[in-house]
Every structure is written in C-alpha cells, then in structure tokens.
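I opened this notebook to record what I looked up in a structure that was new to me. The entries follow the order in which I consulted it.

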Amino acid sequence: MNKRYETFIAQSKKIFVLYSANGVLGWDHEVYMPANGAALRAEQQSVLSGIAHELKTNPEYIQIIQELLNDKTLNEAEKCNVRETWKGIDRSRKFSKEFVENLSRVISESFSAWHQAKTENKFEIFAPHLEKLVEIKKEEAKIVGYKNHPYDALIDEYEPGATVEKLDILFKDVKEQLVDFTKQIFAKPKPNDAFFFGEFPHEAQHDFCKQLVTEMGYDFNCGRMDVAPHPFCIGFSPLDTRITYRYKTSDLSEIIWSITHEGGHALYEQGMNPEYIGLPAGSAVSLAIHESQSRLWENNVSRSKEYWQHYMPVLQKYFPGKLDQVSGIDFYQACNKVEPSFIRTNADELTYHFHIMIRYGIEKQLMEGSISVNDLPKIWNESYKNYLGIEVPSDSMGCLQDVHWAHGSIGYFPTYSLGSFYAAQFFDAAKRDIPSLKEDMGKGKFNGLREWLRANIHQHGMIFTADELCKRVSGESLNFSHFMKYAKEKYAEIYSL
Ligand SMILES: [Zn+2]
C-alpha cells in the first residue's frame, strides 16, 4: 500500500470514528436517554460533528485526496474510497459558512413550526417556513449545479445518478399501470384481518420477532434489538449494527413487518466487507439500494404465502389459544390487505407508491417554481381524491403528515419507491439464481437468499453505482415491469382478479 494512501486511510478512519461515536450518542438519545439529557447531548453531538468537520476540511487531507484521484496504482476498492470521499467533500466545500448556518437556522425554525402546525392542524403556521426552505433549496441546487432540472441536484445527495428524467418515466409507469390495477382490487371484498387485534403480551412479541430476524441471519453478536418511539436501523460497522422496534400489545401487525424491514437494512450493514469499515467501499451505495434490502425482506419474503405457511404454527406457539383458528393463508391474505389510506407509513405495498408519486410531483414543481407553497394543501387533497379516491379530512392527515420537508429533505421521498422497485427486480434475479428459493422460504431457510444478497450486493459497498450494481445483478437497469409482474401475480390470486 502506498504511503499517501495509508495517510488518507488513517485520517479517514479518524473522521469515521468521530461520526460513529456521534451515531452511538444518537442511538442512545432515541433508545435510553432521559428527557433532561437532551441539552448536553446536543452539545456533545455538535462538538463531535465540529471536530469531524474540521478534520474533513483540513487542507492537507484534501490535498492528499486530490493527488490520489489520479493515482493509477490503486485497486478498484481503493479508487472507490478516494473517489467517493472526494465527492462528499467537494459537495460540502461548495457551500459558504453563511449558507450552511442559514440553512441550519431555517431548518430548526421550520421543524418547530411544522410540529405546531401539525398539532393544531394549521398549514398557515408552516407555510412561510416552507417557502423559505424552498428558496434555500433552489439556491442549494444552483450552488451544487445541474444540467437539466434543479431537483436533480437535490436527489443526487440521496440517490446519486437519479434524475427527474428517469423518475418521470418511472412514475408514468406507476400512474399508467398501478392505478388501474389497484382500482380493480378496491372493488373486491377485503381479506379479514380482525385477528391482528387482541391482547398480545410484549414479551412474546419480542421473542417471536427475535426468532424471525435471527432466522433471516441477523447476528446478535454484532447487534441488538431495542424498543424506540420509531423503528430504525443504525449501523456503526458490520460488527455493531442495531435495530429498534415499536409495538402495541393490542395490535400484532405493528411490529412484525417493521422488524423484518429493519432486519433487512441490518443484514445489508452486517454484510459489508469488514476490510473497509467506515470507508465508502464498506458503505451503502445509496438510500434506494438500502431500502431495497429492507423492502425485499419485508414484502417479497415476509409477506409471502410460503413464509406464513412456515411461521403460522410458530406464531401460534408464542400466543397459546389466540390464533388457533387462523391458517397461514388467512394470515398471508390479511397482511396483504390493500386499501386507500391517508397516512403514507400505514399504506400497503401497492398504494404506498401513490403517496410517493404525489410527493415527488409536488417537490419537483416547487423546485421549478410552477406551483407555490400556498397551493400545496389544495394540490395534495386533489391528488389523493384522484389516485386513492379519498377526501383528506385535515392537513395534519394530509400535507403536514411527514417531517421530511421540515428537515429540509427535498428529493428523499422517491428513494422509498425506488427501493421497492429494486427489491422486486433483485428478488427476480435471486429466484433465477436459486431455483429452490420459494421452497426454502416455505421451510424457514433463508441462508441461500442471505448469502446471495451478501455476494451480489452487500459486500460491494460503493464500488459500483446503483445502476451498475442493478445491471450486474439483474442484467438491466431498473425496470418497473418487475414490480408490476410481482404485484399482478400476487394480488390477482389473493383478490381473485
Ligand atoms: Zn427503510
């Protein structure tokens, strides 16, 4: 290994250690910290971020990276580490100190205003803040630079390579194919899911879910599972990747698919190449690819018929006498109930994409200036009427429901849909490579699938772009037809279409 690269790695590791320590503090904040610890915690995290930022922008470090960008002796993983580190630094270097401070102030004011607006159902409290945010985001797009559409500059932060041009094609497919298909489903009788509701002790829910993620291949020597207000996965390294869940003792459906979702994220983190801990070659390619891993386990695996044929008797043992009359097929149909809903995070796996399509359209138009913030509730409500056939009862259950815009995250939503579409395409490729996949799932055996994901996706980190990875795995770029085929096969059977 050359000397210059060694120095780069030593400094990069230091920066990573600071960020991961910050991550542990963040995890503790969500899981264990008492309410009054918040002020000191904010200070701890801000000091650590400050030190990490200083190291990241150190002129000598930058000089070394710039020299390494032209080093032909590096291997693919090493080149990836240099290239991707530089990309991150170069993006943040474009912003002046004033811009960063202003953005952070507007975000923190927006967040409080959004919270109040949502609680009191008053969009007008949030509107002036969102207007300011949209203006700053337009400025950000100009600073970062773009070829065709200002929104491209913003998506790039979450999903490198995604553009309005590509997303428009994708969501046109969603509109033309998925809208009609779900209308046929809405017209049919819904599966009975009454057995999800009852009295299910927390301890048994925890133990059942622990068994599910263990059998997926989640390694508890390199992770843990805790209760938190919101389910999430945080990976400090492949050797320490944690998941959280929330539960309701009155509703079994609150925990199961969110734990397999977070478990899927965690398998990705645990499957990274340990040689590149904290470096781009040992980090997720993009948000959509991360989400593809969670959606694959949540939907393609743990909402499948084979899965519940295997796990139904297991579940019955955890809750003696409660689910004896429910068959694996009943449970499978219930967890695939499709119906229009107001809240994105409660949506089924089909109508979910209308929620994203609507947000994507609004974000794009706000960025190009073809709609104004004040039009938002009207456009939102009309879109929900149009695609889901429902009248939004309040802005709190409408355009104020998600925190993303208040956080300044414009361009983030599309990655959720992309994640599901990638998942369907990857799952097709896995079925091609593992002929016994469905049969294995029906026996509760997931080793083959997990190792396939590890070999084809996890261990590559950021060495390939999302598109390159997709082509290597499936032979083509992202193609919505895989998701549509999956949806049609599955739901035509459940709903007798
Ligand atoms: Zn997720």
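Entry 1, the model. I note at the outset that this is a predicted model.

I looked up its extent and found 22 residues, 123-144. At 1.5 Å a residue the helix should span 32 Å, and I found its end C-alpha atoms 30 Å apart, which agrees. I then asked which residues of α6 are buried. They are F123, F126, H129, L130, L133, K137, E140 and A141. I traced what these buried residues pack against: α5 (97-120), α7 (150-158), α14 (352-368) and α15 (376-388). Just after α6, I recorded a positive phi of about 95° at G145.

Is β2 enclosed or open? I found four of the five residues of β2 (residues 233-237) buried, so this strand is largely enclosed by the rest of the structure. Its partner is β3 (residues 240-245); the two run antiparallel and are joined by four bridges. Within this pairing, I234 stands opposite R242 of β3. A hairpin of two residues connects β2 to β3.

I asked which residues touch the most other members of the largest nonpolar core. Among its 110 residues, these are C209 and Y422. Setting aside neighbours within four places in sequence, I listed the contacts of Y422 as A288, I289, S292, C470 and L478. I also noted another core, lying apart from the largest one, with five residues including F8, I65, L68 and V82.

How values were computed:
Residues numbered from 1 in each chain as written. Predicted model: local features only at pLDDT ≥ 70, side-chain atom pairs only at ≥ 80, totals over all residues. Expected span 1.5 Å × (residues − 1). Buried ≥ 20, exposed ≤ 12 C-beta atoms within 10 Å, placed from the backbone. Contact = placed C-beta atoms within 7 Å. Pairing = 2+ DSSP bridges. Core = buried A, V, L, I, M, F, W, Y, C linked by C-beta atoms within 7 Å.
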